[in-house]
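This report describes one protein chain, from its overall fold to selected side-chain contacts. The sequence and the model are shown first.

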Amino acid sequence: MISSIESAALKALLSHYLETLGAKRLPSRQDIDALKLGSALPVIWISEYEPAAGTFRYRLAGEEVNDAFGQSVNGRLLSEIVSADRFDSVNAAFRRVIEEEAAMLAVGPVYRCTDRVALGERLALPLSSDGETADGLIGATVRKTLVDLDIAVMQEQKLVYVPVNDLAEPTKREAAGRLRG
């Protein structure tokens, strides 16, 4: 199991996310303050779940996210930018975040669906347009070391899910510690 987030950008995103919760069950896109994310913005992405398509549409992506895909992903469906052999697993992991209202930390190979695969970490957190029901994601993906696809295939990506309620309740701050380190 992964016990902590190493990236300062992911730590900044998690910290801001927890600040935005307030009395709401889940924050919305409008609750996110780009000024508070500062240097993390290039690795941040926001997407909305589209039930009819069964996948997510990117609404915002930082320049490092777009660079990893080799194109702008804004306005595009996950199914349009992720290779067919990787789509089901990526989509399932992202859907789990909204269905379980959980934070997801992935460590290991990232962007395996591109020719810019790297070792790194990804944090995905649920968003809600009504403050109650998860229907989107905010996340950040940090590429640390570019690697050959063959090497990335041999390494397993490790995933940890922690319910947002466990992160938000003061008596359960140790759950956030599992992510923040």
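## Basis and terms

A residue is called buried when its relative accessible area is under 20%, exposed when it is over 50%, and partly exposed in between, with a 1.4 Å probe and protein chains only. By that rule Arg-57 is buried, because its relative accessibility is 18%.

The model is predicted, so local features need pLDDT of at least 70 and side-chain atom pairs count only at pLDDT 80 or more, while totals for chains, interfaces and linings use all residues. Residues are numbered from 1 along each chain as its sequence is written, and side-chain values use heavy atoms, with hydrogens and water left out.

## Overall fold

The protein chain contains 8 helices and 6 strands; these are DSSP runs numbered from the N terminus, helices being H or I of at least four residues and strands E of at least two. Their order along the sequence is α-α-β-β-α-α-α-β-β-β-α-β-α-α.

Of the 181 residues in the protein chain, 51% are buried. The chain exposes about 8600 Å², and carbon and sulfur atoms supply 49% of that area, as computed by the Shrake-Rupley method with a 1.4 Å probe; for residues, only the protein chains shown count as cover. Among contacts (heavy atoms within 4.5 Å) with a separation of 6 or more, 59% join residues 24 or more positions apart.

## Nonpolar core and aromatic rings

In soluble globular proteins, nonpolar side chains tend to be buried together. Here the largest nonpolar core has 51 residues, and the members that touch the most others are Leu-13, Tyr-17, Leu-78, Phe-94, Met-104, Leu-125 and Ile-138. Helix α1 (residues 8–21) gives the most to this core, with 7 residues. Such a core is a set of buried Ala, Val, Leu, Ile, Met, Phe, Trp, Tyr and Cys residues joined through side-chain atoms within 4.5 Å. Beyond its neighbours within four places in sequence, Leu-78 is in contact with Thr-55, Phe-56, Tyr-58, Phe-87, Val-90, Asn-91 and Phe-94.

The whole structure has 4 aromatic pairs. Rings of Phe, Tyr and Trp (its six-membered ring) pair if their centres lie within 6.5 Å; planes under 30 degrees apart count as stacked, over 60 as edge-to-face and the rest as tilted. One aromatic cluster is formed by Trp-45, Tyr-49, Phe-56, Tyr-58 and Phe-94. The side chain of Trp-45 also makes a polar contact of 3.1 Å with that of Thr-141. Thr-141 lies in strand β5 (residues 136–146) and is buried, because its relative accessibility is 4%. A polar contact is a pair of N or O atoms within 3.5 Å; within protein, one must be able to donate a hydrogen and the other to accept it, and residues adjacent in sequence count only if both atoms are side-chain atoms.

## Salt bridges

There are 10 salt bridges in the structure, each a side-chain nitrogen of Lys or Arg within 4 Å of a carboxyl oxygen of Asp or Glu. A network of them links Arg-29, Glu-48, Glu-50, Arg-57 and Arg-59. Between Glu-50 and Arg-57, the closest N and O atoms are 2.6 Å apart. Glu-50 is partly exposed at 22% relative accessibility, whereas Arg-57 is buried at 18%.

Arg-95 and Glu-99 form a salt bridge at 3.0 Å, N to O. These two residues lie in helix α5, 4 residues apart, about one turn of the helix. Arg-95 is partly exposed at 29%, and Glu-99 is exposed at 54%. In the bridge of Arg-76 with Glu-80, the closest N and O atoms are 3.7 Å apart. Arg-76 is partly exposed at 23%, as is Glu-80 at 44%.

## The loop residue Glu-101

Glu-101 sits in the loop between α5 (84–99) and β3 (102–110). Most residues other than glycine have a negative phi. Glu-101 is not a glycine, yet its phi is positive, at about 50°.

Glu-101 counts as buried because its relative accessibility is 17%. Its side chain makes a polar contact of 2.6 Å with the side chain of Arg-25. Leaving aside neighbours within four places in sequence, the residues in contact with Glu-101 include Arg-25, Leu-26, Arg-96, Pro-126, Glu-132 and Val-164.
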